[in-house]
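Reader: I'd like to learn how to read a few features off a model like this. Can we take them one at a time?

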Amino acid sequence: MGVGGDMNITLNGFTGRNIKIFMDGVPMQGNSSSFQLNNIPVSLAGRIEVYKGVVPVEFGGDAIGGAINIVTNRTTNSFLDASYSYGSFNTHRSNIILGHTTPKGFSFQLNAYQTYSDNDYKIKSRLITNGQYSRETFDFKRFHAAYHNETVVAKVGVVNKSWADRFFIGATLSQDHQEVQNAPANIEFVYGDVETSRKGFQPNLEYYKRNLLFKGLTARISANYNINSNKSIDTSSYKYNWLGEKTMAVSKGERGTSALSEFNNSNYSAMANLSYDINPSHSITINDVQTGSKRYSTSTAPEELVTEFEKLRRVSLKNVLGISYRFRQNQKWNINVLEKIIIKKLLALIILLMNLIQTGRNEVKVTIRWGTE
């Protein structure tokens with residue numbers, strides 16, 4: 001797939017939605033695709049935790065396959081780390097991460113990185129010329145597959161205070177741009193002008209305090225709000241083959257219809273966690289995670305070519321309340337008993353038809369769909 005390609009994670013025999021990705025315990029599925037597991041630098045992670053099977057209540061997830069949690073670097077030391085690498089297919093990667101904490105506990109961290117690649121590796125395919133397929137396959141060099149990504153992660157706050165061990169507010173800004181070389185399901189259908197771009201903005205908050213009010217009680221709070229936009233450009237008047245040759249098409253749009261579309265998503269995630277260590281062997285945890293999202297889209301495609309799914313405006317809400325008891329006999333084994341209550345709601349407003357129907361009088365049809373799950 002090359003740099004910036006889609007990722008597919010398999011864990012414990014499951015894949016797709018059955019596996020949840022978290023960063024510092026916060027779900028990443030609401031993040032822009034410009035800030036995901038397939039394009040973040042290794043230096044952003046202090047460690048990576050992998051959970052197989054049932055996800056612990058601390059994450060508030062409902063995946064049955066397991067979870068991956070990326071724990072970012074939380075050191076309070078002053079540091080500066082910069083790197084640059086160059087690789088095949090004109091691939092450039094650069095990253096800078098710095099942080100500083102004053103004697104009074106004021107702390108800030110900054111992580112900025114970028115990635116670029118031509119992705120012009122060779123593939124094997126048949127050649128289409130004047131609508132005819134060649135019998136043999138040939139090696140062709142990809143010519144419209146460049147990808148670039150830029151991201152800045154910044155946060156500022158205080159550490160080691162009487163009211164908080166850690167309190168940070170921050171934001172993540174990310175963007176990427178990708179040239180689409182061919183149809184996902186058929187490598188023989190070549191594109192020469194199709195492009196996609198994505199942008200994301202995510203303000204966030206983090207609070208952590210051990211021995212809150214009394215010894216053994218730990219509180220964690222985290223929250224973020226994501227604003228994402230995804231654009232797709234397919235307005236070319238030409239058709240291409242693997243030699244880069246182009247011919248005038250009958251209509252615009254290399255994928256069948258001319259389109260300049262944009263999907264805009266906004267979502268939030270908030271987590272509150274209380275954990276109490278009764279003694280070194282016994283502890284209980286109460287965790288509540290609320291997530292919500294909104295989505296709407298715009299398109300320049302003709303009205304009759306826009307599907308009902310593309311017209312769909314959705315508002316979804318989910319709340320996961322979890323309670324667990326943990327017994328630790330020693331470092332080698334422990335027992336966890338947990339219960340999760342998951343509540344989901346989905347509100348969808350679809351305008352299926354707003355054409356005037358000539359049946360002796362003018363009519364307007366509007367369909368509203370409401371559902372819960």
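Author: Buried means under 20% relative accessible area, exposed means over 50%, and partly exposed is in between (1.4 Å probe, protein chains only). Before we go on, this is a predicted model, where local features need pLDDT of at least 70 and side-chain atom pairs count only at pLDDT 80 or more, while totals for chains, interfaces and linings use all residues. Residues are numbered from 1 along each chain as its sequence is written, and side-chain values use heavy atoms, with hydrogens and water left out.

Reader: Where does N130 sit?

Author: You'll find N130 in the loop between strand 11 (128-129) and strand 12 (132-133). Helices (H or I, at least four residues) and strands (E, at least two) are DSSP runs, numbered from the N terminus. By that count the protein has 1 helix and 26 strands.

Reader: What should I notice about the phi of N130?

Author: The general idea is that most residues other than glycine have a negative phi. N130 isn't a glycine, yet its phi is positive, about 55°. N211 is another non-glycine with a positive phi of about 55°. N211 belongs to the loop between strand 18 (195-209) and strand 19, and it is partly exposed, at 45% relative accessible area.

Reader: What share of the protein's residues is buried?

Author: Of the 373 residues, 39% are buried. The accessible surface of the protein is about 21600 Å², with 57% of that belonging to carbon and sulfur atoms (Shrake-Rupley method, 1.4 Å probe).

Reader: Which residues does S229 touch?

Author: A contact means heavy atoms within 4.5 Å. Leaving aside residues up to four places away in sequence, S229 touches S197, R198, K199, E262, F263 and N264. S229 is in strand 19 (residues 217-234) and counts as buried, at 16% relative accessibility. For the whole protein, take contacts between residues at least 6 apart in sequence: 61% of these join residues at least 24 apart.

Reader: How many salt bridges turn up in the whole structure?

Author: A salt bridge is a side-chain nitrogen of Lys or Arg within 4 Å of a carboxyl oxygen of Asp or Glu. Searching the whole structure gives 8 of them. In one, the side chains of K141 and D120 meet at 3.6 Å, N to O. K141 lies in strand 13 (residues 138-141) and D120 in the loop between strand 9 (106-117) and strand 10 (122-125), so this pair ties together parts that are 21 residues apart in sequence. D120 is buried, at 18% relative accessible area.

Reader: What does D139 pair with?

Author: D139 forms a salt bridge with K124, and their closest N and O atoms are 3.1 Å apart. This pair links distant parts of the chain, with D139 in strand 13 and K124 in strand 10, 15 residues apart. K124 is exposed, with 52% relative accessible area.

Reader: And R166 with E206: which strands does that pair link?

Author: First the bridge itself: the R166 and E206 side chains meet at 3.1 Å, N to O. R166 is in strand 15 (residues 166-179) and E206 in strand 18, so the pair links distant parts of the chain, 40 residues apart.

Reader: Are R166 and E206 buried or exposed?

Author: R166 counts as buried, at 8% relative accessibility, and E206 is buried too, with a relative accessible area of 14%.
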